[in-house]
Amino acid sequence: MPGSIISLLDDEQKQALFETRKSSKYDAGHLLFNQGESADHMYLVDKGKVTLYRLMPNGAEKLFKVFLAGELIAEMAMFMQPRNYPMSAKVDQDTELSAFHYKDVLRVVSGSPELSIRVMAFMSNRICHLMNTVNILTQVNANQRLVMKFADLYRAQNAKDGRICLPVTKKLFATQLGMTPETLSRAMKKLKADGLLKEAGNHINLVDIPALCESVDLTPEIFAV
């Protein structure tokens, strides 16, 4: 479970937490929790798929993230005041989840000053990442956002051969970039036509990174690992 608070626990702390978990199976379409409800649990996806979304003022669902096996849902909500879910979650396919009650999470975290500091650092870094994402969405155009996201994936995956893997569906990828799927498709098609990238499934080969950056008026240094 890389990139979650569970990854911060030592073996003893992890055992103490997992002794409290409650495993359940859910059918596709089940509403796991609603935005605004009391955040009493965080969930580990053992098998299946869960979508996190928020209802917009026009009634449309704004997709935020898709959680797959090994990923943790609502961990930040455990530490919020008031402790309410900021989004809604629904099960997309038959799914198995492990639920951890917030009291058990807080008991494990508060039992160790060192762990509490690690959790604070983790949450601070997560907030910083979200702030950077908002900054990108509000200050650059769609094509620049796309290339900057490629750079994020390139660095995260240490893709020195220029091959990156999209970790989510194209629909969610577009949503994360503040684009419609159609706009993303057009942008990708133009970059492929210009010979700047090749695509095979969810893998993208960045053929010429300096030229790719130049095409959207960005510096190649954003790809520096």
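**Ground rules.** I am reading a predicted model, where local features need pLDDT of at least 70, side-chain atom pairs count only at pLDDT 80 or more, and totals for chains, interfaces and linings use all residues. Residues are numbered from 1 along each chain as its sequence is written, and side-chain values use heavy atoms, with hydrogens and water left out. For elements I took DSSP runs, numbered from the N terminus: helices (H or I, at least four residues) and strands (E, at least two).

**The open sheet.** I looked up the strand order and found four strands in an open sheet, S1-S8-S3-S6, with antiparallel pairing. Pairing here requires at least two bridges found by DSSP between two strands. At the edges I noted S1 (22-26) and S6 (72-73), each of which pairs on one side only. S3 (residues 41-47) and S6 are joined by two bridges in the antiparallel sense, and there leucine 44 has leucine 72 of S6 as its bridge partner.

**Leucine 72.** I stayed with this S6 residue. Is leucine 72 buried or exposed? Its relative accessibility is 7%, so I put it down as buried (under 20% relative accessible area; exposed is over 50%, partly exposed in between; 1.4 Å probe, protein chains only). Beyond its neighbours within four places in sequence, leucine 72 is in contact with Ser4, Ile5, Ile6, Met42, Tyr43, Leu44 and Phe67 (contact means heavy atoms within 4.5 Å).

**The helices.** I checked H1 (residues 11-18) against H2 (residues 102-110): their axes come within 10 Å and cross at roughly 160 degrees. Axes are lines fitted to C-alpha atoms, for helices over the stretch in contact, with angles from 0 to 180 degrees between N-to-C directions. I therefore logged H1 as roughly antiparallel to H2 (over 145 degrees). Gln13, Ala16 and Leu17 of H1 meet Asp104, Val105, Arg107 and Val108 of H2. Finally, H2 lies across S3 and S8 (95-101), at about 60 degrees to S8.

Terms used
Angles under 35 degrees count as roughly parallel, over 145 as roughly antiparallel, 65 to 115 as roughly perpendicular and the rest as oblique.
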